[in-house]
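Student: Hey, can we go through this one together? I'd like to start with the charged side chains.

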Amino acid sequence: MLAANAQLQIVANAEELSMVAAERFINLAREAVQERGLFTVALAGGSTPKSLYTVLADERNSFRPYVPWDNTHFFWGDERPVPPDHPESNYRMASETMLSRVPVLPGNVHRIKSENVDASNTAEKYEQTLCNFFRLGEGQLPRFDLVFLGMGPDGHTASLFPGSSAVNETSRLVVAPWVEKLGSYRITVTPPVLNNAGCVIFLVSGKEKAETLRQVLQGDSHPELFPAQIINLSNGRLVWLADQAAARLLQNEFKGRN
Ligand code: 6PG
């Protein structure tokens, strides 16, 4: 079910998805820097955002000069329990496609230090990173200006997987759930953090996501089965950016929700 304050924008293809996401990123970044002098964004992992990050960093197009790189702070919504140079690292993907190519200040890159063998210790340390950066008091939540999220064909988002206790976490900021289907731990920010963002943009591309997107947006609420449904901003803007292949099973009245 698409929340009343949510927006669904359907674009032609994966390339247009990245361009539209880049425009939204820049608008939010410039607005945040103008209002508060800095912009905080939590990046998603996986394959979909790779082209967005590439587009933002590419000197051959018009986005790069408009990003306030000096005042932008990069965080991650989740990470795999691997070193930062590991092929599966979300940090490595963002670094190779964007961060190593743009004038971002090293101190503004707040990666999840997941080389630590003990995933729960990694989660505790990242939670402390958030508490320190956002100067959180007891029980307070960080408020990212923007969070990018992907959605897996199983309806997971960040590293909130179906059946995971992390989906129902209400007090911790960062947890390290065991993900049975992956046979691995993951480190992920929790729904209270994601739902406290100023803006969450889902990036959903490809026909293999169409049935899940239909379930998530038009089906009954079952976040334990479709964790992407747990994202519902009480005081922020939720945007679903989907290409036509991913949106092809959505009913027409939905498609008008631009
Ligand atoms: C990760 C991501 C994950 C991703 C989805 C979609 O660490 O893999 O955080 O939640 O966004 O799995 O991934 P794709 O964009 O590759 O489909």
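Student: Is Lys 181 buried or exposed?

Tutor: Lys 181 is exposed, at 58% relative accessible area. The cut-offs: buried is under 20% relative accessible area, exposed is over 50%, and partly exposed is in between (1.4 Å probe, protein chains only). One heads-up: this is a predicted model, where local features need pLDDT of at least 70, side-chain atom pairs count only at pLDDT 80 or more, and totals for chains, interfaces and linings use all residues. Residues are numbered from 1 along each chain as its sequence is written, and side-chain values use heavy atoms, with hydrogens and water left out.

Student: Ok, and which residue does Lys 181 form a salt bridge with?

Tutor: Asp 154, with the closest N and O atoms 2.8 Å apart. A salt bridge here is a side-chain nitrogen of Lys or Arg within 4 Å of a carboxyl oxygen of Asp or Glu.

Student: Where do Asp 154 and Lys 181 lie?

Tutor: Asp 154 is in the loop between β5 (146-150) and β6 (174-175), and Lys 181 is in the loop between β7 (178-179) and β8 (184-185), so the pair ties together parts 27 residues apart in sequence. Strands (E, at least two residues) and helices (H or I, at least four) are DSSP runs, numbered from the N terminus.

Student: And is Asp 154 buried or exposed?

Tutor: Buried, with a relative accessible area of 18%.

Student: How many salt bridges are there in the whole structure?

Tutor: Nine. One of them joins Arg 214 and Glu 211, at 2.7 Å between the closest N and O atoms. Both lie in helix α6 (residues 210-218), three residues apart, which is about one turn of the helix. Arg 214 is partly exposed at 29%, and Glu 211 is partly exposed too, at 35%.

Student: Which residues are linked in a network?

Tutor: Glu 35, Arg 36 and Asp 145 are linked by salt bridges that way.

Student: New topic: how many residues are in the largest nonpolar core?

Tutor: That core has 83 residues, and those with the most contacts inside it include Phe 25, Phe 202 and Trp 240. A nonpolar core means buried Ala, Val, Leu, Ile, Met, Phe, Trp, Tyr and Cys residues joined through side-chain atoms within 4.5 Å.

Student: Which helix gives the largest share of this core?

Tutor: Helix α1 (residues 14-36), with eight residues.

Student: What is Phe 202 in contact with?

Tutor: Leaving aside neighbours within four places in sequence, the contacts of Phe 202 include Leu 149, Met 151, Ile 231 and Trp 240. Contact means heavy atoms within 4.5 Å.
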